Amino acid sequence: MLKQVCTTVAIACLFGCGGSGGYSTSPPPGGVNTPPPTGGISVTNNAFTPAAKTVPVGTAVTWAWNSCSGDVYSGQTCVSHNVVFDDGVSSGLQDQGTYSRTFTAAGTYPYHCAIHGLAMAGSVTAN
Ligand SMILES: [Cu+2]
């Protein structure tokens, strides 16, 4: 039994302690920020960037969460935010990933984060 545990630890270290040459090609563990796509909006602590955006009608706008801080290897802290529009449409409450909404009608769509209130707000104008 004890021998089995030691073998398991040794194997885990083979894969988890980096490869030869002093670098590791393993992907980092979870808890990573998502770069916004071109034309997208970054969700940070506690702001939307850019806060105001104008797009042609029919455009899908993507919000990308960048609310994690700390070392991805020793553990990150990710803060949850959401995108809640005044018309009732909203994303889930999430601390990673993306959310998209397609604006099919012209108008201005104000939104905010329900957790952080109007201090964390933005708007999308479709025309
Ligand atoms: Cu928030």
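Modeller: Two strands pair if DSSP finds at least two bridges between them. Helices (H or I, at least four residues) and strands (E, at least two) are DSSP runs, numbered from the N terminus. This is a predicted model, in which local features need pLDDT of at least 70 and side-chain atom pairs count only at pLDDT 80 or more, while totals for chains, interfaces and linings use all residues. Residues are numbered from 1 along each chain as its sequence is written, and side-chain values use heavy atoms, with hydrogens and water left out.

Biologist: How many bridges join strand 9 to strand 10?

Modeller: Strand 9 and strand 10 form a hairpin with 3 residues between them. Within this pair, Tyr111 has Gly122 of strand 10 as its bridge partner. The two strands run antiparallel, and the number of bridges joining them is 7.

Biologist: In which sense do strand 3 and strand 10 run, parallel or antiparallel?

Modeller: Lys53 has Val124 as its bridge partner in strand 10. Strand 3 is joined to strand 10 by 4 bridges, and the sense is parallel.

Biologist: Which residues coordinate the copper ion?

Modeller: Donors are N, O and S atoms within 2.8 Å of the metal (3.2 Å for Na, K and Ca); water is not among the atoms, so sites may look incomplete. Along the chain the donors of the copper ion follow the spacing H-x31-C-x2-H-x3-M. At 2.0 to 2.6 Å, the coordinating residues are His81 (ND1), Cys113 (SG), His116 (ND1) and Met120 (SD).

Biologist: What arrangement do the 4 donor atoms make around the copper ion?

Modeller: Four donors count as tetrahedral if all angles lie between 85 and 135 degrees; four count as square planar and six as octahedral if opposite donors are over 155 degrees apart and all others between 65 and 115; anything else is irregular. Here the angles are 89 to 131 degrees, so the arrangement is tetrahedral.

Biologist: How many residues apart in sequence are the parts that His81 and His116 tie together?

Modeller: His81 lies in the loop between strand 6 (77-78) and strand 7 (84-85). His116 lies in the loop between strand 9 (107-113) and strand 10 (117-126), so the separation of the parts tied together, in residues, is 35.

Biologist: Is His81 buried or exposed?

Modeller: Buried means under 20% relative accessible area, exposed over 50%, partly exposed in between (1.4 Å probe, protein chains only). His116, at 26%, is partly exposed. His81 has a relative accessibility of 0%, so it counts as buried.

Biologist: Which strands stand at the edges of the open sheet?

Modeller: The open sheet has 4 strands in the order 2-1-4-8, with mixed pairing. Each edge strand has a single partner strand, so one side of each is left without a neighbour in the sheet; the edge strands are strand 2 and strand 8 (98-102).

Biologist: What is the bridge partner of Val43 in strand 2?

Modeller: Strand 1 and strand 2 pair in the antiparallel sense over 3 bridges. In strand 2, Val43 has as its bridge partner Phe48.

Biologist: Which residue does a cis peptide bond join to Asn45?

Modeller: The omega of this bond is about -5 degrees.
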